[in-house]
Every structure is written in structure tokens, then in C-alpha cells.
Amino acid sequence: MADIRYQFDAIEAKWQKYWEERGLFKTSEVPGAEKYYLLEMFPYPSGKLHMGHVRNYSIGDVVARYLKMKGYNVLHPMGWDAFGLPAENAAIQNGIHPNIWTVANIAEMREQLKGLGISYDWDREVATCAPEYYKWMQWIFTRFFEKGLAYKKKNPVNWCPSCETVLANEQVVDGVCDRCGTLVGKKELEQWYLKITDYADRLLADLDKLPGWPAKVKTMQKNWIGKSRGAEVDFPIEGFDEKMRIFTTRPDTLFGVTYMVLAPEHPLVDKLAEGTGQEKAVAEFRHKLQFMSDIDRASASLEKEGVFIGREAVNPLSGVKVPIYIANYVLMDYGTGAIMAVPAHDQRDFDFAVKYGLEIIPVIEPEAEGIDVNNLTEAFEAEGRMINSGDFNGMDNKEAIGKISEFLEKEGIGKRSENFRLRDWLISRQRYWGTPIPMIYCEKCGWNAEKEENLPVLLPTDVEFTGKGESPLTTSKTFRDAVCPVCGGKGERETDTMDTFLDSSWYFLRYCDARNSGQAFSKEKADYWMAVDQYIGGVEHAILHLMYARFFTKFLYDEGYCPVEEPFTNLLTQGMVLKDGKKMSKSVGNVVSPGEIIKKYGADTARLFILFASPPEKELEWSDAGVEGSFRFLNRVFRLACELAEEIKSAPTGFEASGEADREMNYAMNFAIKKVADDISGRFAFNTAISAIMEMVNAIYKYKEVPGRQAGLLKAAVDSLILILSPFTPHICEELWSLTGHGGSLYGESWPACDEAALVLDKVEIVVQINGKIKEKLVVGSGLDSEALAAFVTADEGVSKLISGKTVVKTVAVPGKLVNIVVR
RNA sequence: GCGGUUGUGGCGGAAUAGGCAGACGCGCACGGUUGAGGGCCGUGUUCGAGAGAGUAUGGGUUCAAGUCCCUUCAACCGCACCA
């Protein structure tokens, strides 16, 4: 027969055009069919797809195409996280307007995605930089404002001198800017915040309602929210009216307090030091700290230092007076910015006390021997029995936590309290390419939200990109002028824009109803599609994006717009794509460009390799040889189908698997159909699904050489092969579907049915073990129960020989698997 | 320091609910086809000549352990003076 080559480039172009022209990927809403919302994290339109994208979207596409074949109404959308810094930097460097730059990049990347053959419903495409989108972003912001969850506050904020903008705490990693790696400084600025801390408890508690999320991600979020239980206690200060409020998780150690510490930035510090003669020492210490970077300040290895501020506090339980310090190890932005120090039972306090010769009073002693609490060499942080603690002596310290808290509340000295590590979300950015914050300031009425009918507040175009500290929006001649939405008088617009993380915190809702011009999304559409059944993306978004999206969803749920409290029912965090064991990066020079791979081997090969090389949640090591292997496999499939095409076209439908070889072929076929379905839907094990298909191909190759093989069975096998391979490599499968005599597209075909009966073999090989060691393999009838199996095996000549002369203690028989004979 | 994840051939990986370790692929070797190369096809490929041993380490539970429990080690990730 003629040698037909697998011309992937022509095939892929042909079918991509076919799909697009017929609009096959448009979301269907067939009544009665179950819905499935499948979402992959939308990309920032940098202009070029990288391998991480290819992996992300290939995974999604397998699932989308599979579920489509299973008859679901699948929502599988794509869009662009299109606001952000690179566009603005391009504007500063090259003089191109961010919008032009972004739109061009989107166009390029959209084509690349189409070139991969991903089945997106492009009718629902969104770009966060489009006014039709950010109008509703602004609207959501005004909802937050009306509910008192958006507020403006002057605060020292993280300032990136390179990006010239403020950063959220979450965007500062190890003291440097998350984006550019520049050392982050502090700056006093009035900024907008979202009160995510109001949702801290729910964000934490509802993690338990997400069994479909990786434990790792949930743990990371849990740690990030960082809830601690304890008590706030007021310590009176000698010769001073105001009290010093501290937070502690260890109220049981209250009698062990030997000094107090305020954060150097604490507002009480100056007032307390005044007139004590310590003013100078305090000022010098603070001055010194100012010149220390955040990294050094935050490092646990930093030596603890502090100064006495000249006053004493009174222990409200014991009446004992203790000195008050300021120290570098107490942070203003956690708890109350002040602590009680218990050196005997806290290592940090212990270190400090040793250095400054402060008293160490043990109040808990261990039940076990061996530790002399009166001569500690390090803090005793374990559980034990209360001592030196007045009425609480002798109590178990865990019990004392509750008892002392109760006492504090009864006496009005303190109260039980909870503290979170999570801070409110700083969302103001002094940048151009973001959603304008739709707020107006009026001398009379203060800050108010722009009226809904005036949204969107459009980004002005008459701005200068100077790269200076203030938002470029301030350079517009007209942008600032506004009418106060309350009194109608003269107002002034906010010129800061929003953190782009807001834009991506609700895009999944917009997809449900992407073209709605009157609402962010309709209740009806959100009711139908939400929640996202499966979300797929990189683990680097485990904390920020996913928590912000959960926060938005909860808020919109509370406001009655969104039907669910949690946006993503199941989450798959895909692993990174590595080359030579390292992350692909320009600086290392190990980047493999998807474009080149597609050009050389085609999109199907790229998809197949990426799905086959590793399970999706693990890292994937790029291998050129592996790509060759995937390409080879597709060629093998192509040749097989071409060789059999004519025979299949004229083959009868249906077959009788009468001979041994027929039954083997039939088994292999049905096994693959079942296995691939289970692997895709049950556990995203695309690698093993593909290996099952490879085995099926091997089986067909073998079967076609069998004399007397049946054309009907061959046809069934090849048809099934094409269908079950199609979610992975759709182009070649479409082509082969045509070549083997089927009309039109296989998109919309059903997943082949598995004939369970074909999977039941009449004979099965079982293992015979003696004392757990494999000694023999026997072929037996498959229907045997364990008793019959044991009898059969014991009666076998070879086996009897093995056990002759020994006493059989026990025989364990597992039908279909093995028999283990325990002898002495 | 705290929390999490992971350790299986030369390599990527498989073993899904405790039941034949190494599926599938890569690489490699040999053979066939070919003028040659490539391609394709076939055979072999954990170690060991063999008995046997073998899933990071040492122990345990079990008729049976890569899988469950404990010990130690290593790697990776997250958090890190959070009171």
C-alpha cells in the first residue's frame, strides 16, 4: 500500500480551521445534561506561550474533550489577565501605549492557543483591561465600599523603589519585591484597603469544606491566615493613666512575667519615655532600627536587642512591678504590638533576659524528672504543672489557660481573643495600567463611590509615563475633575489604580455570562454554572490568587449575587516544567519554546509528550528524546490506521470474538476504553491513560497479523482507539476518523462503551507462594472462589512436591490473584 | 526552628483498597529490512554466572509490605522573632 506520511502541519491547520468555522467549541446548554465548569488559570498576555502554559491547557483540554464525549455541558473558557506592569514598562521603554501592546500580545497568544487545538469557547473570552470588564470590577469595588469593606488609611506601606509602587504584604517575599527582586522600603501613604480580615475566620474554616483541594494548598492558606487563640491582657503602667494591652497565647504563664516589651513603632513609646531620662536612649535605638532592612529586621537569627524606656508595668494578677522595654523582636503589626515577656517559658524572651540580666521566674514544672526549672539553660516550653502562680498552683497548665482567662474576664483585666497573621489587603497601586479606583473625594462629603450609571471610570489616554512616584493618572488634564456623587459639588477622583489581583478574583464569574452589558453576571447564569468544578493552574497561586478569589466569592455570596461560597470545588496544581533539573528561564538559557516544538513535531506531539512524561501535579523534566518517542508513537498510530483504512471502511459492524486471539484483542480494547476513562476522570493520570492506549496499539499491531482475524473487530478496535486518543491528540484523530470512513468531525462523538463481559476472562494466571515466596504460577479457571482455588492449587502436582514432608499451617487464597501456603 | 511533600532500574515513571515490583516510554545492545544512513520491524535490557537479593536506612505489624506503624538519613516546597 502507498506510504502515506503523517503530515501534522497540514492536518493540524485543516482541523483547526474546521473547528473554528463550525463553531464546534461553543458552550452547549443541552437541557437535562449535567453541567461541568472546567477552568484553567488565565494567563498574563506577555505575548508568548511558555511550556507551563502548554502543560496547563493541555491538561484542561483532555478533561474538557473527554467530558464533552461523556455528554456534559462543558464550560471551558479562556481570557486574559491583561492589566499589569510589563505593559506599562513597555510603554515607558518603547513609547507604545500599554493598550496597543497588550491587545497585540493577546492576538498573538490567542493564535498560539488555537494552534495547540485547545477547545475553548472563544465567544466568552474576557480581557480584564477591557472597559466592558473593568466596569464591573469597579462596580464590585463600590459594593465593597458601600459595605464598609473598602477603606482608606494612612500607613507605612511596602514601597518598591524600582516598580515605583506600593506592594501588598503578600507581594513582598523575603523583603524584596515579588516582581522585580528589588529591596522593598517603607513609605507613609494614604491607601485603599479591602477588609479581608473580616473574612479570616470563614476563609480558614471553609478550607475544611474543600476535600477536592490538595492538602498542601490548604495548609499553606491555613498558615498564611495564621490564627492563634489566646488572650488580651491590660497591664497598668506606674504613674501613667493609659494601660498597656498585650496579646498572648499563653495566659497560663502570666505569673512568670518579668518584663514587658513594646514594638519600637508603638504609639505609646514616646509618651512613656517622656520625662524618664531614657528619651535619648529610646530615640537612638529607633533611629538605628530605621536603617535596618526588612529582611534583617525579620530574621530569626538577628540578635535580640532593646532598651529600657524608663517605666514599669504592674502585673494585674500578682501586682508585681516589671520594667518596660522596646525591642527589635516585637513587631508592631502583629497582635497589639506589645508583649508580656516570660523568659522561663519562651525562648525569645529567655535570650533577651539572659542578655540584659533580667529575672527568670518558672511557673510551670515538668511532670517528669530531669529538668530543674530553677536553673534553666533554655526556656521550658512544654506542658506541665503550675507553680509560683498563686491560686492556680498545682493545676495542669493547659487547664490553667482556661481558668486564668476566665479570671481575667471576670475581673475585667483582659479577655479571650484570637489573632490572625492575615492583614487587610492593600489594593492601591500608583500605576497606569490597572482598573481605576472609582472613588471621588469631596471636601464636604469625604470619599464616596462613583455612581453606577457613570461607570466605567475610563482610563484616560492623555497621560505621561514618567516612571515617577505618583500615579500617571495625575498627569491627565481632565481625569481628576469629578462631580461629588453625594452633594453634586466639585469632587476629585482617586488617581490610583487597583492591584491586578482584584481583576482575577472574579473572572470565573464573568465567564458564566461574559457578554452581559447590564450586569457583572446574571444570577441565573451564575446559578447554572458555578461553582467551577475543576480549576487547574500553577501552585505559585496557592496563596494569593486563590485566597483573594475565595474572599471575593464569599463577599458576592453574602451580597446575594453569587450562589456559592467557595468558587473552586476541585483544584489541581500542576507541577513545573523543568529542563536539566531547573526551571526554564532565559537567564539559565534552558528555555524550550513551544513554537519550535510545534513547528518541528506538531501540537499533538507536544501535547502527548507533556501529558505522558509525568503525572500532572508533579514536576516534568523536559526530554527531547521523549518528544521523539511521542512523535514516533503518533506515526505508528497513523500508519496503523492508514494500513487498515480500506478494510475498515468495508468491514461489517459488530463481531463475534470467537477465537483466542479475538478474545485477547477484544479484552485489550475494552480494557483500554475503561482504563483511559477512569484515569482521566478519576485521578487525572494522563500518563497511565496514554500508556494504556499504547498497549492497545501494540495489541492491534499484533492482532492484525493473526490469520483469520475479523475485520469487524479490527474496525471496532481502530475506531475505539481513535476515539479514546482524541482528547489527547485531537488533530490526528480527526484526520484518522475521516480516513477510516467516518463523516465529519469526531468532536461530539460519544465515548465508546465498555463491554464489561469482554473483561471477564475464563482463565487466569495465579501465583503460588510458599511462606510468602513465589514458587509457581498456575493457570486456573477464573470463576473459582477461594476455597476451590486452594483445593485446586494444593492438588497440583508441582505444588504437592513443594510442600511434601512439611506441615501446612495455613492456606490463604485470593481469587484471581494468588494462593499462599504457610508451611512448617 | 515549625509545617508539608517526596525517596522505586542508566533515565521519565507504573504498581488505583496490603496480594506477581519495574507496566508504558526513553536510552542502550543485538538481529532483520536497506546500496548506505535514517526510518521501520523483531529480540533483550533491576542486580547477580547462579542460588538468590532487591523499592533511601534500621526496626515492627501481617499468611503477604514499595504500599500500614515507628527510627534514622536525604532532597524539595511553604512559613519563619506571629508573642
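Predicted model: local features only at pLDDT ≥ 70, side-chain atom pairs only at ≥ 80, totals over all residues.
S13 and S14 form a hairpin, with six residues between the two strands, and Gly319, which lies in the turn, has a positive phi of about 80 degrees.

Strand S14 (residues 321-327) also pairs with strand S12 (residues 259-262), and here the two strands run parallel and are joined by three bridges. Within that pairing, Met260 has Ile324 of S14 as its bridge partner. S14 itself is mostly covered, since six of its seven residues are buried. As a general point, the side chains of a regular strand alternate between the two faces of the sheet.

## An open sheet with parallel pairing

Elsewhere in the model, four strands make up an open sheet in the order S2-S1-S26-S27, and their pairing is parallel. Its edges are formed by strand S2 (73-75) and strand S27 (568-574), each of which pairs on one side only. From one strand to the next, the twist averages 20 degrees.

One residue pair can be named here: Tyr37 has Leu75, in S2, as its bridge partner.

## The surface around RNA strand B

There are 55 residues around RNA strand B, and those that come nearest are Thr249, Lys304, Arg348, Lys675 and Lys777. By class, this surface has 22 nonpolar, 14 polar and 19 charged residues. Helix H21 (residues 686-704) supplies the largest share of the surface, with six residues.

Which parts of RNA strand B make up its atoms within 4 Å of the protein? Sugar or phosphate accounts for 66% of these atoms, and the rest belong to bases. A polar side-chain atom of Asn687 lies 3.0 Å from a phosphate oxygen of RNA strand B, while a polar backbone atom of Tyr329 is 2.9 Å from a sugar or linking oxygen. At Leu331, a polar backbone atom is 2.6 Å from a base nitrogen of RNA strand B.

## Cysteines

How many disulfides does a search of the whole structure find? The search finds zero. For Cys445, which is in no disulfide, the nearest cysteine sulfur is that of Cys487, at a distance of 3.6 Å; a disulfide would require the two sulfur atoms to lie within 2.5 Å.

Is Cys445 buried or exposed, or does it fall in between? Cys445 has a relative accessible area of 28%, so this residue counts as partly exposed. Cys129, by contrast, has a relative accessible area of 8% and is therefore buried, the cut-off for that class being under 20%.

## Ile360 in its loop

Ile360 is found in the loop that runs between helix H11 (347-356) and strand S16 (364-365). Its relative accessibility is 31%, and Ile360 is therefore classed as partly exposed, a class that lies between the buried limit of under 20% and the exposed limit of over 50%.

The position of Ile360 can also be described relative to Lys523, from which it is 163 residues apart in sequence. In space, the two residues are 62 Å apart, taken from C-alpha to C-alpha.

Technical notes:
Residues numbered from 1 in each chain as written. Chains lettered and ligands numbered in written order. Heavy atoms only, no water. Near = heavy atom within 4 Å. Polar contact = N/O pair within 3.5 Å; in protein donor to acceptor, adjacent residues only side chain to side chain. Nonpolar A, V, L, I, M, F, W, Y, C, P; charged D, E, K, R; others polar. Pairing = 2+ DSSP bridges. Axes fitted to C-alpha atoms, helices over the stretch in contact; angles between N-to-C directions. Buried < 20%, exposed > 50% of the residue type's maximum accessible area, 1.4 Å probe, protein only.
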